[in-house]
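This report covers a helix, a pair of packed helices and a loop residue. The sequence and structure come first.

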Amino acid sequence: QRHADSFNLGTMSKETKEANGISFPLDDKGQRSTTVAAKAIWSKCLESVQGQEQAVAQLQAEKNWRHGYPPHILSIAACAAKSSDNAMAIVNAGLSAVYDTFEFVRDGKSMKLEEAMQTYAEQPAFYTGKFTGTGAPADIAMEVPLHGNTLRGDALVKQIDRWVEYGCIEPDCGAAMKSVSTDPSKIRLQGQVFVMLGAGSEIGPLVTLMRLGATVIATGTRTPARWKRLLDIVRPTPGTILFPIRSEQGSMSEEELCEAAGCDLTSDTPELLHWISKEATSGRFSRICVGNYIYMDGEAHVRVSVAMDLIVKGLVKAGKSQSMDVSVAWLGSPGTCHLIPKEAAEACVENQKNAPIWQKVLLPTPNCITPVTTADGGTVHLFDGLVVQQGPNYALAKTMQMWRAMQLREVEKVIVSAPMAPASRTHSMTHSSFMTALLDGMAHLKPCVAFDADTASAVMATLLMYHIYYPESPSYPAKPLKNPLELFSFHGFHSGYWRVPWSINSLGTVVVGLGKVWKYHPEGL
């Protein structure tokens with residue numbers, strides 16, 4: 001699910017001692033091993049639940065972690081699904097292990113993350129760049145681009161119903177979207193600031209936020225072409241972005257501004273948190289929403305997720321200290337282990353029964369949905385979306401984000417938006433012929449549908465508005481959940497993954513082959 005802003009940070013492999021910023025720790029061989037660190041973190045999760053000694057031993061004994069990690073992570077998710085107590089024990093153990101494991105390196109000196117955030121916090125690394133569009137204030141109305149058309153009002157409602165009927169989104173996702181589409185009056189942008197960690201994310205909410213006239217504090221790498229693209233997005237709108245630059249803006253031209261803009265999230269983490277906090281809590285705003293939209297390949301995805309976590313944690317603390325209304329957002333990934341609605345699980349079974357013969361021959365592995373008996377005797381449905389090709393670093397990074405989402409909602413009582421995002425034709429997906437063929441072929445397996453990036457962006461922005469501004473949403477901590485994991489079962493815009501009858505892991509070769517022969521997209525979707 002390469003749907004967020006791809007960063008190109010400094011390299012740091014497990015084979016070298018060289019590091020800068022947030023880093024995996026050195027192991028007893030003097031290497032920065034991702035496997036050793038990951039096993040340590042996942043083991044702490046299991047150790048937090050009684051009776052898991054054998055599971056811990058099996059995890060530690062796994063010799064082929066790169067390909068053998070999925071059953072271990074699935075067992076941890078199953079433990080969490082049994083009860084709220086288990087889930088929060090695993091959440092707290094996992095987050096504590098992350099902070100105990102990773103370190104911050106600068107000028108050859110290593111220190112714990114929290115120490116680094118305090119040591120370097122107030123060094124004057126960044127000034128503020130500001131760019132406001134020239135567009136007239138727009139009506140607060142949600143719109144979704146689809147295949148060259150812009151849908152809003154009744155047309156959007158009809159399209160939502162088509163998606164729900166097809167099965168590529170959940171009914172509650174459709175209901176949430178229709179609530180925002182038909183009654184946007186609850187959206188209150190005055191006094192609201194959005195922080196986008198990874199503002200260049202192709203399916204992040206920047207385009208919608210700018211069209212609505214919002215103020216966004218944006219981060220991105222030091223890539224002038226990226227900042228030019230972002231300013232081009234803002235220019236025709238009534239929106240404003242604030243962003244880190246390396247010197248006073250003064251009379252800089254746009255070209256000079258783009259040259260000066262950007263940061264490295266994993267090495268500038270302390271200074272970046274200080275700068276964002278200063279801008280967001282300056283008294284101009286009463287509400288803050290912190291969005292996490294960065295994706296990276298391999299071990300860098302874990303490190304940047306740690307960086308985002310540090311910034312989220314710091315901004316939640318800063319916002320609450322100023323009595324601001326605080327919310328935090330992520331794009332959920334179907335490529336994780338998470339709970340899904342009973343109706344989706346039942347539809348998956350029914351779809352398997354009714355699948356055409358060619359699918360039953362070529363795709364004999366059913367979708368991995370595990371019924372879990374809970375401590376109170378109920379049943380929940382655990383979806384195994386882990387894909388071996390994505391690797392254990394992806395699983396750790398995305399699960400770490402889920403841990404923080406649950407901790408903030410349950411303990412800090414913060415509004416949390418974390419709906420599942422769809423398979424999307426973003427640049428980071430379509431630059432690969434393999435991934436392009438996968439996207440082109442997945443619709444052969446109903447109800448799977450791949451979406452264009454602009455459609456996915458607008459839909460996820462609509463869900464964000466619902467989660468922030470509509471108190472009936474389960475994103476609000478006042479709405480009790482039987483298990484914190486239920487948070488990820490709401491409002492799934494999942495491209496059909498929850499309801500497709502076959503294991504996600506088994507789809508690759510067949511779907512890619514179909515995509516190369518016949519690019520297919522269901523009519524009307």
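## Helix α12

The model is predicted. Helix α12 covers residues 269-280, and its 12 residues should span 16 Å at 1.5 Å a residue. The C-alpha atoms at the ends of α12 are 16 Å apart, which agrees with that expectation.

Most of α12 is covered, with 10 of its 12 residues buried. The buried set consists of Thr 269, Pro 270, Glu 271, Leu 272, Leu 273, Trp 275, Ile 276, Ser 277, Glu 279 and Ala 280.

## Packing of α1 and α5

Helix α1 (residues 34-47) packs against helix α5 (residues 84-101) at an angle of about 150°, and the two axes are 7 Å apart. Because angles over 145 degrees count as roughly antiparallel, α1 is roughly antiparallel to α5. The crossing of α1 past α5 is right-handed.

On the α1 side, the contact is formed by Ala 37, Ile 41, Lys 44 and Cys 45. These meet Ile 90, Ala 93, Gly 94, Ala 97, Val 98 and Thr 101 of α5. By class, the residues of this contact are seven nonpolar, two polar and one charged.

## Ser 506

Ser 506 sits in the loop that runs between α19 (453-469) and α20 (508-517). Its relative accessibility is 23%, so Ser 506 counts as partly exposed; the cut-off for buried is under 20%.

Ser 506 and Pro 364 are 142 residues apart along the chain, with their C-alpha atoms separated by 8.4 Å. Leaving aside residues up to four places away in sequence, Ser 506 touches Leu 363 and Thr 365.

Note on methods
Residues are numbered from 1 along each chain as its sequence is written. This is a predicted model: local features need pLDDT of at least 70, side-chain atom pairs count only at pLDDT 80 or more; totals for chains, interfaces and linings use all residues. Side-chain values use heavy atoms; hydrogens and water are left out. Helices (H or I, at least four residues) and strands (E, at least two) are DSSP runs, numbered from the N terminus. The expected span of a helix is 1.5 Å times one less than its number of residues. Buried means under 20% relative accessible area, exposed over 50%, partly exposed in between (1.4 Å probe, protein chains only). Axes are lines fitted to C-alpha atoms, for helices over the stretch in contact, and angles run from 0 to 180 degrees between N-to-C directions. Angles under 35 degrees count as roughly parallel, over 145 as roughly antiparallel, 65 to 115 as roughly perpendicular and the rest as oblique. A crossing is left-handed if the near helix is turned anticlockwise from the far one by less than a right angle, and right-handed if clockwise. Contact means heavy atoms within 4.5 Å. Ala, Val, Leu, Ile, Met, Phe, Trp, Tyr, Cys and Pro count as nonpolar, Asp, Glu, Lys and Arg as charged, and the others, Gly among them, as polar.
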